[in-house]
Amino acid sequence: MVSIWDFSGSAQLIYQIISIPFALIFYCLATKGYLSLIQRYIYLGVGGFSLAVISMGWYSAVLFVSVIMSTLLIYSVDSQKIHRRIFIVQMLWQSFWHMLLLFRLHWQEEPADPRFLLMLSSLMLLTQRVTSVSMDLEEGKVILYPRFKGRIYASHLLPYTCYTLSFVCLLGGPLCPYGHFMSFVQNIQQNPPPSPLHRVSMRLLWVFILEVIKYVLIFFLKASSVNLNFFSGLLWMWSLSLVLKITYYSHWALSECLNNAIGLGFCGNHLTGFQCWNSLSDGELWTTETSCRLSEFTRRWNGTTAAWLRRLIYQRCQTFPLGLTFGFSALWHGLHPGQVKGFFFWAVSVKADYQLHNHLSPRLTSPWIRKVYRCLSWIQTQMVMACVIITIELGQVTLWSFCMNYISISSLIYILTVCLSAALSSC
C-alpha cells in the first residue's frame with residue numbers, strides 16, 4: 001500500500017532538469033545551421049534512447065520494442081486500417097506491463113521499482129504519440145514515406161523514430177501533434193523561434209516555487225492530521241489534494257519547459273510585444289483551479305491528454321461516450337482499484353454537473369444569485385476533484401471513506417443551497 005506522504009516523481013523531475021542543457025544546445029546548433037535535417041533527427045532520437053537507458057535501465061527495452069512494433073505496422077499496413085491495429089497492439093502491450101505491476105503490488109506485495117514506474121509512465125505517453133500518428137494517417141492529416149515495397153532506407157524511418165523517442169517528450173508531455181513536430185524540426189533553421197532562455201528560466205523558477213509550496217503544505221498537513229472537525233476536515237482534505245495536484249502542475253511546467261528549450265511551443269508575439277510560449281501546455285494552476293464548473297475543470301486538467309481522449313474515444317463512440325472515455329482513461333492508467341473508483345466517480349460527477357447546470361442555469365436570472373451559484377459551483381468542483389485525485393493517487397480504503405463522507409455532506413448542502421437560490425430567483 002502506498003504511503004499517504006510518498007509522492008513519486010522526484011527522479012523524473014531530476015532527469016528532465018538534466019536534459020534541459022542538451023535541449024538548449026540543440027536549439028543553438030540547429031538555428032545556427034550546424035545540424036542538417038538528418039542530424040537533427042539523430043540528435044533528438046539518440047538523446048531519447050540514451051535518456052531511456054540511463055533512467056530506466058533494462059526496462060527501457062519495453063519502450064524500444066513498442067517503437068519497433070508500431071514502426072513495422074505503420075510501414076506495412078494500409079493507412080485506412082492502421083489505427084485499429086496499432087491501438088490494439090499498443091494497448092495490449094501496455095496493459096500487460098500494468099497487470100504485471102498490479103500482480104507484484106497486490107499479490108506478491110513487493111515494493112514498486114522506481115525504474116519500472118518510470119518506464120510505465122513513458123510507455124503511456126508513447127501510446128499517446130503512436131495512436132495520435134495512427135489517427136492522423138487514418139484521417140489523411142499526415143503522409144509518411146511509402147511502406148515496405150522492396151527496400152526501405154533508414155532515413156525513411158528517422159522522422160517517426162525521432163518523434164516517438166525524442167528526449168524532450170520521453171518522460172513527460174505535452175502531446176505534440178506529429179505534423180507540428182516534424183514541421184518544427186524541418187524548419188527550425190529557416191524560421192527559428194526567439195531565444196527560449198528567458199522562458200526556460202521563468203518556468204524553472206515556477207517549478208521551484210511549486211515544489212516549495214508543496215513541501216510547506218506537507219509539513220502543515222502532517223502537523224494537523226489529528227482532531228479534525230467537519231470544516232477543518234474539509235480543509236485538510238482539500239489541502240492534501242492540492243499537494244497531489246501541485247505534483248502534476250510541477251511536472252507539466254517542467255515538461256513544457258523542456259519542449260520550450262528546443263524552441264517548441266512558441267506561438268508568436270502579442271500586440272504588446274510579449275512572447276507567447278504556451279501553445280504546448282497541459283495546464284496552468286491558476287486557470288485550472290479557478291474553473292467554476294467540473295466539466296470545465298476536466299477539459300483544462302492535463303489539457304493535451306484530455307484532447308487526445310476526446311479525439312480517440314469520445315468523438316468516435318455513438319453510445320455512452322462520456323462513460324467509455326473515463327473507462328478507457330482508467331484502463332490507460334492501469335486499472336488500479338483506486339483508479340477505477342476515482343474515474344467512475346469523476347464520470348458520474350461530470351454527468352451530474354451537466355444535468356444540474358443545464359437545469360438551473362436558465363432559472364438563475366438575478367445577478368447576485370448567479371454570483372452565489374458560481375461560488376458554490378467552484379467549492380463543489382474543488383471538493384469533488386479533491387476526492388477524485390486522492391482516490392486515484394492514493395487508493396486507500398480509509399481515505400476513500402473519509403472523502404466520500406465529506407463529499408456527500410458538502411454535495412447535499414450545495415444542491416439544497418442552489419435549489420433554494422433558484423426558487424428565490426424565480427419568485
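**Notebook: cavities and cysteines**

I searched the whole structure, a predicted model, and found 2 cavities of 30 Å³ or more. For my own reference, a cavity is a set of points on a 1 Å grid over the protein atoms alone where a 1.4 Å probe fits but cannot get out, and lining residues have an atom within 4 Å of a point. Grid points are joined across faces, edges and corners, and a volume is the space filled by probe spheres set on the points.

Ground rules, before I go on. Residues are numbered from 1 along each chain as its sequence is written, and side-chain values use heavy atoms, with hydrogens and water left out. In this predicted model, local features need pLDDT of at least 70 and side-chain atom pairs count only at pLDDT 80 or more, while totals for chains, interfaces and linings use all residues.

**Largest cavity**

I read its volume as about 90 Å³. I then listed the lining of the largest cavity: 13 residues, with Arg129, Cys169, Pro174, Leu175 and Cys176 nearest the centre. Which helix gives the most to this lining? Helix H5 (residues 114-139) does, with 3 residues. Helices here are DSSP runs (H or I, at least four residues), and strands are runs of E (at least two), numbered from the N terminus. Sorted by class, the lining has 8 nonpolar, 4 polar and 1 charged residues; Ala, Val, Leu, Ile, Met, Phe, Trp, Tyr, Cys and Pro count as nonpolar, Asp, Glu, Lys and Arg as charged, and the others, Gly among them, as polar.

**Second largest cavity**

This one comes to about 30 Å³. I found Arg203, Trp206, Tyr249, Ala253, Gly283, Glu284 and Leu285 around the second largest cavity. Helix H8 (197-223) and helix H9 (230-261) each supply at least two residues of its lining. The classes split into 4 nonpolar, 1 polar and 2 charged.

**Cysteines**

I looked for disulfides (pairs of cysteine sulfur atoms within 2.5 Å) and got 0.

**Whole chain**

I counted 16 helices and 0 strands. Last, I took contacts (heavy atoms within 4.5 Å) between residues at least 6 apart in sequence, and 77% of them join residues at least 24 apart.

How values were computed: On a 1 Å grid over the protein atoms alone, a cavity is a set of points where a 1.4 Å probe fits but cannot get out, and a pocket is an open set with protein on both sides within 12 Å along at least five of seven lines; lining residues have an atom within 4 Å of a point.
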